[in-house]
Number of protein chains: 2
Amino acid sequence: MKPYLPFVLGITQYSPSLRRVFGGGRSISTAANRFRLPPTIRQILSSPDVDQKVEVTGWVKSIRKQKRVAFGVLSDGSSPVGLQTVFREDLGERVKLITNGTSICVRGNVVKSPGSGQDKELLVEEVEILGACDPETYPIQKKTHTPEYLRDYTHLRARTDAIAAMVRLRGHLMREFDRYFENQGFAYAHTPVLTSGDAEGGGEAFRIAPVPPPPQREFFAHPAYLTVSHQLHLEALSNSLGRVYTLSPCFRAETGVTRRHLAEFWMLEAEWNVIPTGEPRAQTAALCDFVEGLVKGGVGDSGIIHGEDVDVLWRHRDSDSAPELERQKRLKALVSAVTTDAPWPKMSYTDAIRELLKSGQKWTFPVRWGSPLQTEHEKWLAENLVGGPLFVTDYPAGIKPFYMRANPPADGEEEVTVGCFDLLVPHAGELVGGSVREERLDVLRASMRSKGMEMDGERYGWYGDLRRFGGAPHVGFGMGFERLVGWVGGIENVRECIPMPRWAGRMEL
Amino acid sequence: MKPYLPFVLGITQYSPSLRRVFGGGRSISTAANRFRLPPTIRQILSSPDVDQKVEVTGWVKSIRKQKRVAFGVLSDGSSPVGLQTVFREDLGERVKLITNGTSICVRGNVVKSPGSGQDKELLVEEVEILGACDPETYPIQKKTHTPEYLRDYTHLRARTDAIAAMVRLRGHLMREFDRYFENQGFAYAHTPVLTSGDAEGGGEAFRIAPVPPPPQREFFAHPAYLTVSHQLHLEALSNSLGRVYTLSPCFRAETGVTRRHLAEFWMLEAEWNVIPTGEPRAQTAALCDFVEGLVKGGVGDSGIIHGEDVDVLWRHRDSDSAPELERQKRLKALVSAVTTDAPWPKMSYTDAIRELLKSGQKWTFPVRWGSPLQTEHEKWLAENLVGGPLFVTDYPAGIKPFYMRANPPADGEEEVTVGCFDLLVPHAGELVGGSVREERLDVLRASMRSKGMEMDGERYGWYGDLRRFGGAPHVGFGMGFERLVGWVGGIENVRECIPMPRWAGRMEL
């Protein structure tokens, strides 16, 4: 038997056209040619070659058995589109054993498909059953399952189209964001998950201890917590490295069980030194522009928004999701927001309060300068007033953390405001938050004192050092990665935005 | 004043030559042009433009003041090579205030340098002091500091050349590995840090609890730990998605304080479904080939090994490091190993035992078929027998975890062996370990029982499900990312391979 194209130990040579489709159009380096796995279904389907011999390991999404032939759809997880697979009767009894979920290896020819609905199909010459799947007890049936049901099968739920698309989407977003950061001269940095900080006394951190516990003292000589944000540690690195970012896990022991809360979530965070401007508010505006470029670049210009995974996710409807027409409207607005050349509007907190006051809406929470914006306010601003993403900037210092830089006074501001922004998007709420960081030692010390913290003590002395020893003005932001995934994929519950969600009372696997 | 080239809010247009150097030679997408930060020193130095106006925020690595002029070296963290900066006397008193470590913003012209040692220099037209730095108390002096001293200043130590180079190297390695995985059709997956597993009772896991603790019950309804490996969770995802990998933090509460131990470390782990082969040992060989392609591709073909960060790290010498000639020899061997087309040798555990027995060496630990290889054995195999990277394969089942696939019997094997490998490299020891995973339900059940685990119980039922419901043969591996960084950078202690190290008794920040 002639060896099949894809699986040859060592270096494999492909036809030039098949080579081109590997790696999403990027040319193959020496590296990738040192050893090559067989092409995935995505690679096979996007190859211009017809009549190619292939060998694929995958699992059966569905199979329809007729008298002399059976038609299957094979998935290997690389694409939401399965490989149309034709089993002729001369393959014998084996085909009868193939049911939904079964893992098989097939060898054969990929040819132009005579049927409608697909360009190509695989005419199977050999089939091997790798893993049987009892059709009676298989938890992932053809019918649509509720998200709640699927959370009981976290280890299997990525066999559904929507969860698989979500996992791939996360990886694609990460890759595209990394390209944007690389172009802008950033280093990726691994900041620690274990920290000596307890979320500034917020009381929502997890504490850790070894198992079994050591006789008397702490493992690290003092209490250790799981980080709630990588910002302060990233600031230490940007002090040396200039521009740094990370995508890392964060933890919050929130007992609130809502569709926006996870105990373990991923944050994209960045910090960088800037050129000073005479006007601090211009620095905040530039920060917003950077974030807008990141989101438009990673989601829009990258093509992700027009990709098949986003398409699958928007066609998928949870039991509690909005009516079809409304969803179409939302998707259209999203595509427009991430592909338009028009800048997203920026509005100061003071102006936002003004708009809310004159809106004529009945609010559950009173609108008052100096109070935080509530979800109902943010929704109205993004969904009704603007109808798209909106930066709200320059919040009162009293409702923001100690590290934000104080603004000079401006009209309509009753108290000191800080150079910061929240990016609000329709239906997903706050997606990104960031600020200019207070670089002036004395102002920082006073700001920390006003929040009951001591800059010159043991706990935050290092943070003060970043200003004491040649710190530069710098800015930064944090983006909730699951919120981004939910916004881009039209996913209503954050538990379907991460492969294996953890929240109060619940942790599978 | 004409606006300076780099800092214009919104979209900035650069000369074509400057555009080319951004992003390491990749063309700039629409995305990156939506908003652009000013060029970094790395970008300025690698631009072919001479006589360009620039504006840079950075900190002073060193400054030499003469009567009518001062020469500074400015760093912004983007490159180990600083920007040669010339301050003329007409800049006034301000220059006198600049000391090592001071943050400044400079504007001026980059021109061809008349001096030796650099191609370009910046003639400063304007300078602004952003952050003073007291030269008496600044912890990072010009002299070389010991690693132990610098660990007391974890928040500042990235201002040293070696730590900064290490942080950038980590990011570059991650990026290149991602390209390899992307080319091979892998999805990046975020597996959880919080797990219900306690390292299979190994007693080295951290347990977590919220602060303050809830009245009586566990936060997640059952005990929660920090993961020691992402493998089992990745297997669940590869069961659906085919090919998945992650680079994620892992945790081990080891009290051993050696230069190879961290409590928090990063692991690169991958799992994927394979085409079955008649001979299980061929699958292990293919797995080794994939890993070899990854390492050679990411470290060698990518150019990282010839980059300036690796150069800095190898020129940097810890107090306890090997003599200069020995280090040069090691670097040469490393470059050869990651760039050669010749495959790295593979040797079975059984053959390795044979070689160790006939070596004539005196061993502290006896060499005996069925016992683990000790560090002294691994060192001898990689450094003396092979003089380079070496895959040792097919270890006895008794000394390996439950999930590895049993091999058919072979000559010289006294008991059952499993399809697995360890990649041993000179001076860094075990860099990667991987195996074919046991996909046969009954064999897995028996293997788990033999290690005191119950596949059909509540704890591992999900892992059994991956075989019950259409699992395919699959393989995987894990690479200690800090060990890789240490090997590539010639760094002797793992605490200098991660920005903010944590180990028993010690956690800064």
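Six salt bridges are counted between chain A and chain B, a salt bridge being a side-chain nitrogen of Lys or Arg within 4 Å of a carboxyl oxygen of Asp or Glu. In one of them, D178(A) meets R175(B) through their side chains, at 2.8 Å from N to O. Helix 5 (residues 161–183) of chain A gives twelve residues, the largest share of the side of chain A that touches chain B. That side divides into 74 nonpolar, 40 polar and 28 charged residues.

The model is predicted: local features need pLDDT of at least 70 and side-chain atom pairs pLDDT 80 or more, while totals for chains, interfaces and linings use all residues. Residues are numbered from 1 along each chain as its sequence is written, chains are lettered from A in the order in which they are written, and side-chain values use heavy atoms, without hydrogens and water.

The contact (heavy atoms within 4.5 Å) takes 142 residues from chain A and 142 residues from chain B. About 11,400 Å² is buried between the two chains, with carbon and sulfur atoms giving 62%; buried area is the accessible area (1.4 Å probe) lost on putting two parts together, summed over both.

F206(A) has P210(B) as its bridge partner.

Within chain A, five strands close into a barrel in the order 1-2-3-5-4, with mixed pairing. Strand 4 (residues 103–112) and strand 5 (residues 120–131) of chain A run antiparallel, joined by ten bridges; N109(A) stands opposite L123(A) in strand 5.

Technical notes:
Pairing = 2+ DSSP bridges. Helix = DSSP H or I, 4+ residues; strand = E, 2+ residues; numbered from the N terminus. Nonpolar A, V, L, I, M, F, W, Y, C, P; charged D, E, K, R; others polar.
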